[in-house]
Amino acid sequence: MLEDPKLQKTPLFQQHQKLGAGLAPFGGWLMPIQYQGILAEHAHTRQEASLFDICHMGEFMIKADPVSSGLDRLVTQEIVSMPFGSCRYGFLLNNEAGILDDLIVYRIGLSDWMVVVNAATVSGDFRHLKENLSGGSVLEDVSGRMAKLDLQGPRSREVLEGIVGARAGELKYYTFSEFKIFGSQSCIVSRTGYTGELGYEIYIAVNYAERLWETLLSGGIVKPAGLGCRDTLRLEMGYPLYGHDLDEKHTPLDAGLLKFVDFSKDFIGRDALEKEQREGARESLICFQADSRRSPRHGFTISDGGRPVGRVTSGSFSPSLGTGIGMGYAAGNYDPGALLSVGDGKLEIPVRVVKRPFLKKTSLNGIGVK
Amino acid sequence: MDILKDLFYTKDHEWARIEGNSAYVGITEYAAHSLGDITFVELPKPGEALKQESYCATVESVKAASEVYAPFSGKVISVNSQLSSNPELVNQSPYDKGYFFLMELSDPAEKARLMDAESYRKYTEGLSK
C-alpha cells in the first residue's frame, strides 16, 4: 500500500502492522479497520471483550470557571452541576444550532475539565472553544500526548480489575477516576464507550500506549478490534457518527437528540434551536431495518412509495440481527412500523422504520456480568 | 492466497471451472479476502442467459457491495442455494462450497479471453504492489 505522508499514525501503528491489520484512512489518520475480520471482532466484543485503538480522537484540557469563562455556554448540556469524576455527552453548536461536534465533558475538579472530541474536528473545535472562552481560562490540546484505548465487552470489567485494580471495577456508567498503573504511571479510566456493551475508555501518556495495549491483550480474553466493527457495533445501538449522521447542516432536534440539550440554561445556538422547535424540524434522523441481509449504504436515497424523502447517512449489515440496518434523514414524520425503501437507483431495499437502539439487550448496564 | 491450477480467471477476480460444456463459477480467494466478511450474495436465476463480461451477481460485504461479471456467455443451469443463508461460505471456501452457480457454455472458445492460473497469479501480484 502506498502511504500518504499526510496521514497521521497513532503510537500503536507498529502493533497494528505486527498483527497484520487492514489499514485505511479515517479522519486524517491511518487506522486499523480489521484484524481477523469484522464479523468475528463484532461477535467477540458482544460476547467477550475487545480492545480498540482510539488514539486518533482529540482531548482538550481546560482550566476554567464553568460560568464566567463561557464554557457552560459552549456545550448544550449543563455542566455547572456535574459532580467531580462524572462525564456528560453533549454538542458544540454554531449560532444556527448546526452541530459542530459531539463530545464528552469530563469534570476533573472545580475548574478542571477534559473534553474528548472527534478526530476530524479537533482543530475546528479548538478554534471554536478558543474564540468563545474568556481570557482567564486555559485551553490546551493534549491530543498528541494522550493515548486513548477503548476496552469494551461484557468481560471488560474483570480484565480491567486485573490490570488497574479492583477499584476500577466500581466505576458507574458515565463516571471516571484516575488510577496508577505500571507502578506510578497515572491514567484516566471512564466507564464510557461506543459499542453498547459494558466498557471503559482509558487515557494514558502516549509513551505507555504500547505497554498498555500489550498488557490488556496478554491475558487471552481480550482481542484487538478495528474501526470496521466499531462502526457495526455503534450502529446497532443507534449511536450517531459525526460527519455521517451529525453535521453542521443538522441540529440536535433533527437528530432526535434533544435529551442531550438543556434548555434550563443558555448555550450557543439556543435561539435558532428554539425557533426550529416552534416551526418544526425540516427533517429527522430515522432508524430503519431491512427484511433481508441486504445492507443500506451511506448516500442511498430514502423513498416513500417511490417518492424520494431523504438520504441514508449510515448503513450496514447488522451482525447481531442478521439483517441490513441504517439511519438517515427524512422529511416528514415516520413512526416505527412505517414502510419505506432505500436504494441507489439500481437496487431498492424495502425497510421498516424502527425505534433506536436496534439491539435492545446488551451488557451496557453491567448487570449479570462478572 | 490460493489460486487453483485447473481454473480460468478474469481480471475482475471471477473463476470458472470447465466441465465438458458447462462451468462452475465463483469469485477468487483474492476477491473474497479483499471484500472482507461477505454478508449477502445475489445470484442470477436458473435459466437466465448471461453474456461474457456482463453483470451476473452482486456480493455484499460489511464494507461495500460489488458486482460480479460472467466469465462466459451462456445459460445458468443451477445456483448455489446455500449462499442465501450462509454467504460466509464464499470466504471460507471460495473455490468449492462457496461457488456461485453452474452455467452452460454457449461458446467455450471464449476462454481465450480468460487467464490461466499462472497469468492470474502474476496479475494479482501486480495489483498488490
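Trainee: What makes domain 1 and domain 2 of chain A count as being in contact?

Mentor: Contact means heavy atoms within 4.5 Å. In this predicted model, 16 residues of domain 1 of chain A meet that condition with 16 residues of domain 2 of chain A. Residues are numbered from 1 along each chain as its sequence is written, with chains lettered from A and ligands numbered from 1 in the order in which they are written. Local features need pLDDT of at least 70, side-chain atom pairs count only at pLDDT 80 or more, totals for chains, interfaces and linings use all residues, and side-chain values use heavy atoms, with hydrogens and water left out.

Trainee: Where do the bounds of the two domains of chain A lie?

Mentor: Domain 1 covers 1-279 and domain 2 covers 283-354; such bounds come from an automatic or database domain assignment. The C-alpha centres of these two domains of chain A lie 28 Å apart.

Trainee: Why do strand 4 and strand 6 of chain B count as a pair?

Mentor: Strands are DSSP runs (E, at least two residues), numbered from the N terminus, and two of them pair if DSSP finds at least two bridges between them.

Trainee: Which strands form the open sheet of chain B, and which are its edges?

Mentor: The order is 4-6-7, with antiparallel pairing. Strand 4 (38-42) and strand 7 (65-69) of chain B are the edge strands, because each pairs on one side only.

Trainee: What makes a space a cavity or a pocket?

Mentor: On a 1 Å grid over the protein atoms alone, a cavity is a set of points where a 1.4 Å probe fits but cannot get out; a pocket is an open set with protein on both sides within 12 Å along at least five of seven lines. Lining residues have an atom within 4 Å of a point. The structure holds one cavity of 30 Å³ or more, and the largest cavity has a volume of about 50 Å³. Its lining includes A:Gln152, A:Tyr173 and A:Leu364.

Trainee: How many residues line the second largest pocket, and which lie nearest its centre?

Mentor: The lining has 24 residues, and A:Gly22, A:Gln34, B:His33, B:Ser34 and B:Lys63 lie nearest the centre. About 760 Å³ of space lies in this second largest pocket.

Conventions: Helix = DSSP H or I, 4+ residues; strand = E, 2+ residues; numbered from the N terminus. Points joined across faces, edges and corners; volume = space filled by probe spheres on them.
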